[in-house]
Amino acid sequence: MEPSEGIITASSAAAPVGVPAPAVVDSAAAARAYAESVARAQWGGPGRTVREEDVVDLLLVVSELVTNAIRHGDGLAGFEVRPMPEGLWIAVHDHSEVVPRAVYAFPTTHPGGGYGWPLVARLARDIAVNPREGGGKTISVLVPLRPGST
């Protein structure tokens, strides 16, 4: 997927000022580090910080989505971050066309797993699952961020 105007991707030359984009985001750890750097550099902005509890929520959401793409989505196909007035828009692309079951109904039991999607639904909003051209899907979310005290 080609980066659109205003979308920051790990492979794009349009990295945030002063925050080098990693050459490849291929793990949850790399995605978390990149999303946090964008949140602190781009969303926080001059004279403004991001609430630490919101950064923790962001890192949990990124971790869950990227880990699910790797484990259940036939591998991570891309990762994008876009600062928005309300927070950070995150998009995780994978190679599977299978839509997570929890999109339709949250699990009522957790047989050793299944906690991730309810966690994402609780911490993020504007959740969308869309097919990608050429196969696979994109799961995108908005993680709300609030200004911290300076």
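What follows is a set of questions and answers on this model.

Trainee: What should I know about the numbering and the model?
Mentor: Residues are numbered from 1 along each chain as its sequence is written. This is a predicted model, where local features need pLDDT of at least 70, side-chain atom pairs count only at pLDDT 80 or more, and totals for chains, interfaces and linings use all residues, while side-chain values use heavy atoms, with hydrogens and water left out.

Trainee: In what order do the elements of the protein chain run from the N terminus on?
Mentor: Helices (H or I, at least four residues) and strands (E, at least two) are DSSP runs, numbered from the N terminus. The protein chain has three helices and seven strands. Their order is β-α-β-α-β-β-α-β-β-β.

Trainee: What percentage of the residues of the protein chain count as buried?
Mentor: Buried means under 20% relative accessible area, exposed over 50%, and partly exposed in between, with a 1.4 Å probe and protein chains only. The protein chain has 150 residues. The buried share is 40%.

Trainee: What share of the contacts with a separation of 6 or more comes from residues 24 or more positions apart?
Mentor: Contact means heavy atoms within 4.5 Å. Count the contacts in the protein chain with a separation of 6 or more, then take those from residues 24 or more positions apart. The share is 58%.

Trainee: Is Ala31 buried or exposed, and with which residues is Ala31 in contact?
Mentor: Ala31 lies in helix α1 (residues 28-43). Ala31 is buried, because its relative accessible area is 0%. Gly78 is 47 residues away in sequence, yet 9.9 Å away in space, C-alpha to C-alpha. Leaving aside neighbours within four places in sequence, the contacts of Ala31 are Val25, Val62, Val66 and Phe79.

Trainee: Where do the buried residues of α3 lie on the helix, and what do they pack against?
Mentor: In α3 (residues 116-123), the buried residues are Gly116, Trp117, Val120 and Leu123. Seen down the axis, they fall within an arc of 135° (taken from the directions from the helix axis to the C-beta atoms), so they line one face of α3. They pack against α2, β5 and β6 (137-144).

Trainee: How do β5 and β6 pair, and which residue is the bridge partner of Ala128?
Mentor: Two strands pair if DSSP finds at least two bridges between them. β5 and β6 are antiparallel, over five bridges. Their hairpin has five residues between the strands, and Gly134 there takes a positive phi near 85°. The partner of Ala128 in β6 is Ser140.

Trainee: Which residues are linked in a network of salt bridges?
Mentor: The structure holds seven salt bridges. Arg146 is partly exposed at 37% relative accessible area, and Glu53 is partly exposed at 44%. Both belong to the network, which links Arg51, Glu53, Asp54 and Arg146.

Trainee: Are Lys137 and Asp94 buried or exposed?
Mentor: Their side chains meet in a salt bridge at 2.9 Å, N to O. Lys137 is in strand β6 and Asp94 is in strand β4 (residues 87-94), 43 residues apart. Both Lys137 and Asp94 are buried.

Trainee: What is the phi of Asp126, and where is Asp126 placed?
Mentor: Most residues other than glycine have a negative phi. Asp126 has a positive one, near 55°. Asp126 counts as exposed, because its relative accessibility is 53%. Its place is in strand β5 (residues 125-131).

Trainee: Where is Asp74 placed?
Mentor: Asp74 also has a positive phi, about 60°, although it is not a glycine. At 58% relative accessibility, Asp74 counts as exposed. Its place is the loop between α2 (52-72) and β3 (76-84).

Trainee: Which residue lies over the face of Trp89?
Mentor: A charge sits over a ring if NZ of Lys or CZ of Arg is within 6 Å of the ring centre and within 35 degrees of the ring normal. Here the distance from the ring centre is 4.6 Å. The residue is Arg82.

Technical notes: A salt bridge is a side-chain nitrogen of Lys or Arg within 4 Å of a carboxyl oxygen of Asp or Glu.
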